[in-house]
Amino acid sequence: MSVASRDLPTSADVFTAAQNIAGRVRCTPLMRSRLIDTATGAKLFFKCEHLQKVGAFKARGAANALAQLPAGVERVATHSSGNHGAALAWAAAQRGLSCTVVMPQTAPRAKREAVAAYGADIVLCGPTLADRHAALEQVVAASGAHVVPPFDDSRIIAGQGTVALEIIQQSRELGAVPDILVAPVGGGGLLAGIGLAVAALAPEMLVIGAEPAGADDAQRSLRGGSHVTEQTPETIADGLRTTLGYRNYAIVRRTVRDIVTVPETAIVDAMRLLWTRTKQLVEPSAAVGLAAVLEHGARFRKKNVAVVLTGGNMDLDRVSELFPPGGNGK
């Protein structure tokens with residue numbers, strides 16, 4: 001499947017999204033850590049989207065999508081492993097809309113509970129993307145709900161791109177505009193939106209995606225020049241197990257310099273470093289950006305680097321699994 005340029009969001013859509021979501025989402029802080037700077041040899045600026053509404057950047061895209069709903073819509077629906085589902089449920093509740101979220105049975109319990117807490121109806125399905133789509137089609141057929149996809153949607157991409165608008169403004173106020181901006185990539189809504197914003201406001205800044213080695217479809221797509229649409233992901237970063245969307249791939253290939261991968265041990269090490277040095281509770285997917293800086297150190301050394309911490313919806317029942325007593329996290 002190819003996407004015509006007329007069907008893709010533009011940088012102007014990101015600016016419009018910033019207006020649409022103003023007052024509905026938080027402008028999250030940039031955080032520094034001298035100890036992590038020393039460990040990496042870089043000057044890092046952490047964009048704290050784990051402190052965003054619903055604990056993840058996904059609130060931005062959901063809020064922007066619902067600001068543009070067709071008249072008369074009363075129910076929305078989506079599929080999600082967790083954060084987008086919670087974000088859509090939250091945004092729907094803010095506007096008095098009903099919401100249904102299709103979730104794989106493998107989704108972390110903490111994320112299922114969060115979606116339910118925001119008032120959404122949950123429909124469980126099998127673990128594959130095909131399972132999600134099939135279940136979502138049944139929901140729409142039965143309820144007539146308006147679908148808000150988790151990442152392959154122009155409204156979602158534009159909303160997520162507002163992360164970069166804030167990074168650029170905040171870093172300029174600090175007098176240290178990043179040389180490189182690193183963001184995790186799963187479906188690619190965040191990375192594509194960031195690419196659009198950076199291309200318009202700071203084209204000299206390099207945008208680099210980061211993903212687990214066990215879910216490397218985005219890297220293979222970008223480096224190979226052909227969109228990889230199927231994979232069997234194996235990673236603790238549950239938010240990054242989806243494949244790159246069609247719109248997202250079309251934008252990423254134009255606006256992103258490279259995508260690097262990291263092993264599972266690097267993700268755990270990055271989580272440990274963030275938890276102990278910054279005292280910030282981030283989930284595995286959110287640690288992938290720092291893992292990339294640690295794993296590919298020469299690329300980032302002596303650079304100003306913005307790293308997006310995408311979410312903080314950690315399943316605390318898994319802490320002992322990731323950090324066994326007496327272990328080193330590896």
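Predicted model: local features only at pLDDT ≥ 70, side-chain atom pairs only at ≥ 80, totals over all residues.
## Reading loops and helices

Visitor: Where is the place of Val54?

Guide: Val54 belongs to the loop that joins β2 (43-48) to α3 (58-66).

Visitor: And what is the phi of Val54 near?

Guide: The general idea comes first: most residues other than glycine have a negative phi. In this structure, Val54 has a positive phi, near 60°, and Val54 is not a glycine.

Visitor: I'd like another case. What is the phi of Lys302 near, and where is that residue's place?

Guide: Lys302 also shows a positive value for a residue other than glycine, with phi near 65°. Lys302 sits in the loop between α13 (297-300) and β10 (304-309).

Visitor: Which residue caps the N-terminal end of α7?

Guide: Asp153 does, by placing a side-chain oxygen 2.9 Å from the backbone nitrogen of Arg155. After α7 comes Gly175, with a positive phi near 75°.

Visitor: How many residues of α7 are buried?

Guide: Of its 21 residues, 16 are buried, and α7 is mostly covered.

Visitor: How many residues does α8 have, and how many of those are buried?

Guide: α8 has 13 residues, and its first and last C-alpha atoms are 19 Å apart, close to the expected 18 Å. Of these 13 residues, 10 are buried, so the rest of the structure largely encloses α8. Among the buried ones are Leu190, Ile194 and Val198.

Visitor: At roughly what angle do the axes of α1 and α8 cross?

Guide: The axes of α1 (residues 11-21) and α8 (residues 189-201) come within 8 Å and cross at roughly 105°. That angle makes α1 roughly perpendicular to α8, because 65 to 115 degrees falls in that class.

Visitor: Which residues in α1 and α8 meet?

Guide: From α1, Ser11, Val14 and Phe15 meet Gly193, Leu196, Ala197, Ala200 and Leu201 of α8. Sorted by class, this contact has six nonpolar residues, two polar ones and no charged ones.

Notes: Residues numbered from 1 in each chain as written. Heavy atoms only, no water. Axes fitted to C-alpha atoms, helices over the stretch in contact; angles between N-to-C directions. Helix = DSSP H or I, 4+ residues; strand = E, 2+ residues; numbered from the N terminus. Parallel < 35°, antiparallel > 145°, perpendicular 65-115°, else oblique. Contact = heavy atoms within 4.5 Å. Nonpolar A, V, L, I, M, F, W, Y, C, P; charged D, E, K, R; others polar. Buried < 20%, exposed > 50% of the residue type's maximum accessible area, 1.4 Å probe, protein only. Polar contact = N/O pair within 3.5 Å; in protein donor to acceptor, adjacent residues only side chain to side chain. Expected span 1.5 Å × (residues − 1).
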